[in-house]
Amino acid sequence: MMQIRPVSDLRNKFTEIEKTVNDGQPVYLTKNGYGAMVVMSLEQYSLLTDSIEKRLDEADLMAQMNEERLSHETVFQNIRGAIHGK
C-alpha cells in the first residue's frame, strides 16, 4: 500500500518511516497537501539508478570511439520519430 504522509512525520515519526522504507516501500511526503519528496532506502535507490549509470557509461564509451556528434535538435527529432513511429 502506498505510504503518503505529511513531511512533519519525517521528524515526528521517523522510526515508522524508517521501518517502511527498510521494508522496501517508498514513503511519499507532502507539504501543505502537495507532493514534496520521496524517501526510499539506499538499496531501492540503487536499483533505480544502477541501470541508468551503466547505460550512461556505455554511452560515454561509444562517444569515445565515434567522432559523430549530434545537436540536441537532431536527438530530439530522432526520439520523437521513434515514439511516433516515423
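Trainee: Which residues of H2 are buried?
Mentor: Please keep in mind that this is a predicted model. In H2, the buried residues are Ile17, Thr20 and Val21.

Trainee: Where do they lie around the axis of H2?
Mentor: They lie on the same side of H2, because the arc they cover around the axis is only 95°.

Trainee: And which exposed residues are on the face turned away from that buried side?
Mentor: That face carries Thr15, Lys19 and Asn22.

Trainee: What covers the buried residues of H2?
Mentor: The cover includes strand E1 (3-6), helix H1 (8-12), E2 and strand E3 (34-39). Taking Ile17 by itself, and leaving aside residues up to four places away in sequence, its contacts are Arg5, Asp9, Leu10, Val27 and Leu29.

Trainee: Which residues make up the largest nonpolar core?
Mentor: There are 5 residues in that core: Ile17, Val21, Val27, Leu29 and Val39.

Trainee: What happens just after H2?
Mentor: Glycine 24 is found there, with a positive phi of about 95°.

Trainee: Changing topic, what volume does the largest pocket have?
Mentor: Its volume is about 280 Å³.

Trainee: Which helix gives the most to its lining?
Mentor: Helix H3 (residues 42-65) does, with 5 residues. The lining residues include Arg55, Glu58, Met62 and Val75.

Trainee: How many of the lining residues are nonpolar, polar or charged?
Mentor: The lining has 5 nonpolar residues, 1 polar and 4 charged.

Conventions: Residues numbered from 1 in each chain as written. Predicted model: local features only at pLDDT ≥ 70, side-chain atom pairs only at ≥ 80, totals over all residues. Heavy atoms only, no water. 1 Å grid on protein atoms, 1.4 Å probe; cavity = no way out; pocket = protein on both sides within 12 Å on 5 of 7 lines; lining within 4 Å. Points joined across faces, edges and corners; volume = space filled by probe spheres on them. Helix = DSSP H or I, 4+ residues; strand = E, 2+ residues; numbered from the N terminus. Nonpolar A, V, L, I, M, F, W, Y, C, P; charged D, E, K, R; others polar. Core = buried A, V, L, I, M, F, W, Y, C linked by side-chain atoms within 4.5 Å. Buried < 20%, exposed > 50% of the residue type's maximum accessible area, 1.4 Å probe, protein only. Contact = heavy atoms within 4.5 Å. Arc of directions from axis to C-beta.
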